[in-house]
Structures are given as structure tokens and as C-alpha cells.
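Hello,

Here is the structure I promised to pass on to you. Have a look at it first, and then read my notes below.

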Amino acid sequence: MTGQPAAPGHEEQRGAAAPRPGTAPGRPLLPGRPGRPDVFTFGETMVALRGSGPLKLGGTMNVSIAGAESNVAIGLARLGHDVRWAGAVGEDEAGQLVLRTLRAEGVGVSGASTDPGAPTGLLLFEARLPEVTRVHYYRAGSAGSRIGAEVVERAFSAAPPRVLHLTGITPSLSPTAGAAARRALQLAREAGSLVCLDVNFRARLWTAEAAAEVLREWIPFVDVLIASDDELPLCLLGDGGGEGSPGGAEGNQGAEGSQGVEGNLEAEGAHGALRGEEGDGAGMGAEGADGGLALCGSEQGEAAGASAGACGDAVPLPPQEAAGAPAATVATQAGLLLDQGVGEVVVKLGTQGATIFTQGGSLHRPAKPVRAVDAVGAGDAFVAGYLSALLDGEGTAGRLERAVTTGAFAVASPGDWEGAPTRSELGMLGAPPGTVVR
């Protein structure tokens, strides 16, 4: 993969052929039927407080909720899919806000539980500069971190989902949360559910070594792997990788998970300039934001405006120096993951868009140009769009197109999930600036 320009409409190729339209990742999807959810996901959702400036100066804060998995669930529900979320919240008003919000967004929460012995987690968003937000977590010992395997067992016994969606955040929270994720992978394989994993590495929740030990044992169970380019090495199986039960490194994750830098405080980092300090390196913000699935025109968020029509024809990968890792390296790593059994590898490239790799080849889509407002939640919106198109039977091009579209909606709106589009709104990005929809 050279990264050299190609004529419009040409697909960037890997191997002998470009991806075949409609190529299914891994095993085929279970058929839809009444009572069977399209997607099941679980993890921790917290109450989110957003300030307008430095926290030490006080002021007002907006109250909402945030969590990578529930962000994806809301995005899918708005696109018309039957999605279930499970997790634990405290027996408190904050927990009621989480459940009430998810219900209002059409997400099934019958598998959620309340924990009288632990509080609902909390995170604070601190707008420090126009393009820099700091995120502070208070989640050690929270109800969400104590989720157990019985949650996923109940969900699968009730109705196996067509897709199981996991993130790399959940196993970092505690040994019990890690065990729940491992059990979900086992049940998904037994039921024939397709597995989607969004790596979502968080350096303040666990070390790269601990994350790699768990993620590499999960890889044989994964059909769709979604990651930023710098997260791919965490997933590459080493000599100790195998086909056995996923994730045996419970001790390591327990040691690193839930331990903040100042007591319960877990300042996971920020999007924009501060993100590099957290070791994530590709513009991803808090709770799964990709940080740049839309193109910003300046530090003040001025952009080139909405693009006309669809994202356009497939284009070659951006020059190697523009990506977090050389394009050839990304392609090699993706190829190794495909050889290890992953059905397809979707690489988020921030402002450069995203690329999908399958055994049939690779395909790139650029980001949608919009006026950037808030990068937080863009990665989760991207995942929701991708899974939505997959459930609709779209081919690789259609899946990428919807993913970069939903990601752009998130970038153009404040909040983790508030800007997620409905199905009828997907075409709005093609409207010229100043359009009034009547």
C-alpha cells in the first residue's frame, strides 16, 4: 500500500482484488426475528457533568450521561435498530438518570441492574481551551465496575443477539467486568452471534501490556475489529496467543483497572492537544471519540462546510506521513489480524477518515467535512453507523459511508451521544450551507 493518489472511483487494493460488495465479516448474521435484538452491548455508563470553563473557577454545569457502549446503543436505536444495553448503576438518583435516558432513547435496559452497595460513576468535562477538553473520572469502586457474568448470561438465555458489541474499556474496570466480557464471547460463539470489538484503549485504566494480554486472547472470537491505527499492535497475537477461552489475564487487569491517579480521580485525558499525553495518539477523545472524523478548518472550529452529496467514490489512503502510523504498516498489521481469523478490520484514521481491510482487499473513505463543535463521542457514533449498515446488509462501501456520516454528526454536535442522527437525517450532510429544512 503506497499511499499514492489514484484516480477517483478507484479502490485502494490489498492483495489481488478490492473488497467484494456485500462481503460478510466472519460468519453470517443470525436472521432477524421478533424478540431477538439486533445488538446487545454492556458496560459502564456514568453521569456526565459538563462545565463551560476551568472547574476550579466554579460556574454552571450541564448534566447528562456518557459511556462508550451506551453511546453506541443510542446511535443504533436512533437508526431504528433493536438494541439492548446491560450494566449496573447505583441505587441513587444518578443511576435513575442513566436508565431513564436510555429508555427515552429507545434502548432496552431490562438487563440492567441497580447495586445498593456502590454509587453510579461520575465524569467531569472541563473545557480548558477552544480545542482542548479535560476529562476527569470518578469511577473506582462504582456500580458499573462491579458488573458480573450473570448479566450477560441472562441476556443470552433470553434471546441471543445478532451482534454482540464489546469495547476494551469494560475488561479494564475490574476482574468481574473482565470475566463478564469473556463469558459474553463464549456465549456469542455458542449462539452464532457476530462479535464486534472496538478496542478503545484507555491508558489511565490499564497498561498497554495488560490490555494486550486480554485483547490478543479475544481476537480469535472477533468478527469485526474496530480500532485506531495506533491500537492495532495491542491486538496482534504473539507466541502465547491461542484458540482457547478468551482473556485469562484477570489479575493484570484487576491491578490496573479502577485505580485512579489521585484516589478515585481518573483523568483519562482529553481530545485535541492533550491526547498524546495519554498514549492514544490518533485524536480520540473521552469515552470512545475519534476526535476527527470531520475536518476542522481552524483551531476555532471553522470548517469547509458540509460536503455536497455522499462521501464520494473510494479514494486511496492518505500519504503515509499524514497518518498516525505509515499506511504500509497499518495494512501489514491488518493483514496479520485477518490471517488470525478476524473477519474484517476497520481502522479509524481521525481527520483522514477510515479504512476497511478484508481478505478481499481494502477500501478507504475520507472524513466528512463539517464544522467541528465537539469531538467527544465521534468514535462511538462511527461504530453505530457501521453496525447499522452491516445489519442492513450493506457492503463494505455502504458500511464505511454510513460510519463516517454518523461520526461527522457527532463531531458537529456537543455531547457524547446527543448529536447521533436518526435514519431520516442521514442525508442532511449533503445539504449546502444555509439550508433550511421546512
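Is Cys235 buried or exposed? Keep in mind that this is a predicted model. Cys235 has a relative accessible area of 0%, and buried means under 20%, so this residue is buried. Another cysteine to look at is Cys196, which counts as buried because its relative accessibility is 0%. As for disulfides, the structure holds zero of them.

Next, please find Asp198. This residue sits in strand S10, which covers residues 194–198. With a relative accessibility of 0%, Asp198 counts as buried. What does Asp198 touch, once its neighbours within four places in sequence are left aside? Its contacts are His165, Leu166, Thr167, Gly168, Ile226, Lys348, Asp380 and Val383.

Finally, there is a pair of helices to explore. The axes of helix H3 (residues 149–158) and helix H5 (residues 175–191) come within 8 Å, crossing at roughly 20°. Angles under 35 degrees count as roughly parallel, so H3 is roughly parallel to H5. The crossing of H3 past H5 is right-handed. On the H3 side, the contact is made by Ala149, Val152, Glu153 and Phe156. H5 contributes Ala179, Ala180, Arg183, Ala184, Leu187, Ala188 and Ala191. Sorted by class, the contact between H3 and H5 has nine nonpolar residues, two charged ones and no polar ones.

Enjoy exploring, and write back with any questions!

Best wishes

Definitions and conventions: Residues numbered from 1 in each chain as written. Predicted model: local features only at pLDDT ≥ 70, side-chain atom pairs only at ≥ 80, totals over all residues. Heavy atoms only, no water. Disulfide = S-S within 2.5 Å. Buried < 20%, exposed > 50% of the residue type's maximum accessible area, 1.4 Å probe, protein only. Helix = DSSP H or I, 4+ residues; strand = E, 2+ residues; numbered from the N terminus. Contact = heavy atoms within 4.5 Å. Axes fitted to C-alpha atoms, helices over the stretch in contact; angles between N-to-C directions. Parallel < 35°, antiparallel > 145°, perpendicular 65-115°, else oblique. Left-handed = near helix turned anticlockwise from the far one by under 90°. Nonpolar A, V, L, I, M, F, W, Y, C, P; charged D, E, K, R; others polar.
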